[in-house]
Amino acid sequence: MPRLTRLTLAVVMALVVGACGDDDATTTSTTVPATTTIATTVTTTTTAATTTTAAATTTTGAPTTTVATTGRFLTTADDPDVGEILVDQDGFTLYLFLPDNQGTPTCNGACAVTWPPFEDGDVGVGAGIDPDLLGSVERNDGTVQVTYNDWPLYYYSLDIAPGDNRGQGIGGNWWVVDPDGEPVMV
């Protein structure tokens with residue numbers, strides 16, 4: 001029995017130690033722990049041919065998700081008119097353009113002056129953002145634009161303050177984006 005108990009303890013300790021990760025010293029972040037429960041069953045047999053089963057449960061703080069709080073990042077904000085939407089780190093609203101059809105950006109030239117692309121460059125993941133939906137795409141001018149759920153993201157040049165959403169619904173093609181990466185058409 002002592003050998004089996006040591007083995008169980010070793011497995012639990014390996015899981016706890018393995019869950020620890022490196023922190024990047026150059027990045028300021030907040031760590032949001034998730035809780036994982038590990039259940040272990042130990043079975044022993046005595047010489048009298050009886051079996052005793054005991055269950056042990058250990059809770060660890062693994063895994064963790066790092067949420068960006070400095071630098072450039074994509075996050076969400078609650079808009080009183082349309083609900084929770086994507087914004088940049090300063091609170092400026094981000095839009096999608098339906099003709100992009102979750103692919104290559106089609107707003108170029110003069111269009112991109114009015115609707116500047118949210119360009120790539122070490123964009124972090126903020127609160128409310130699914131990192132699996134964050135990506136990028138190359139534009140026709142060679143720059144790289146941030147995408148979310150494959151939609152290229154844009155600013156609207158007439159949004160002059162954080163929280164503005166003056167571009168919402170323009171031409172039936174420009175929409176704010178919800179945290180699932182879908183257009184909010186209200």
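Trainee: How many disulfides does a search of the whole structure find?

Mentor: One. A disulfide is a pair of cysteine sulfur atoms within 2.5 Å. Here C107 and C111 form the link, with 1.9 Å between their sulfur atoms. A caution before we go on. This is a predicted model, where local features need pLDDT of at least 70 and side-chain atom pairs count only at pLDDT 80 or more, while totals for chains, interfaces and linings use all residues. Residues are numbered from 1 along each chain as its sequence is written, and side-chain values use heavy atoms, leaving out hydrogens and water.

Trainee: Which hand does the link of C107 and C111 have?

Mentor: Left-handed, with -110° about the S-S bond.

Trainee: Which side chains meet in a salt bridge?

Mentor: Look for a side-chain nitrogen of Lys or Arg within 4 Å of a carboxyl oxygen of Asp or Glu. The search of the whole structure finds one such bridge. It joins D164 and R166, at 3.8 Å from N to O. D164 has a relative accessible area of 16%, so it is buried. R166 is partly exposed because its value is 48%.

Trainee: What is the strand order in the open sheet of three strands?

Mentor: Strands are DSSP runs (E, at least two residues), numbered from the N terminus. Two strands pair if DSSP finds at least two bridges between them. The order here is β9-β10-β11, and the pairing is antiparallel. β9 (134-138) and β11 (151-152) are the edge strands, each pairing on one side only. Strand β10 (residues 144-148) is joined to β11 by two bridges. Y148 has W151 in β11 as its bridge partner.

Trainee: Which residues touch the most other members of the largest nonpolar core?

Mentor: A nonpolar core is a set of buried Ala, Val, Leu, Ile, Met, Phe, Trp, Tyr and Cys residues joined through side-chain atoms within 4.5 Å. The largest has 15 residues, and L74, L86, F118, Y148 and L153 touch the most other members. β10 and β12 (174-177) each supply at least two of its residues. A second, separate core has twelve residues, including V82, V87, F97 and Y156.

Trainee: What is L86 in contact with?

Mentor: Contact means heavy atoms within 4.5 Å. Leaving aside neighbours within four places in sequence, the partners of L86 include L74, F92, I129, Y148, L153 and V177. T75, T76 and D178 are also among them.

Notes
Buried < 20%, exposed > 50% of the residue type's maximum accessible area, 1.4 Å probe, protein only. Helix = DSSP H or I, 4+ residues; strand = E, 2+ residues; numbered from the N terminus.
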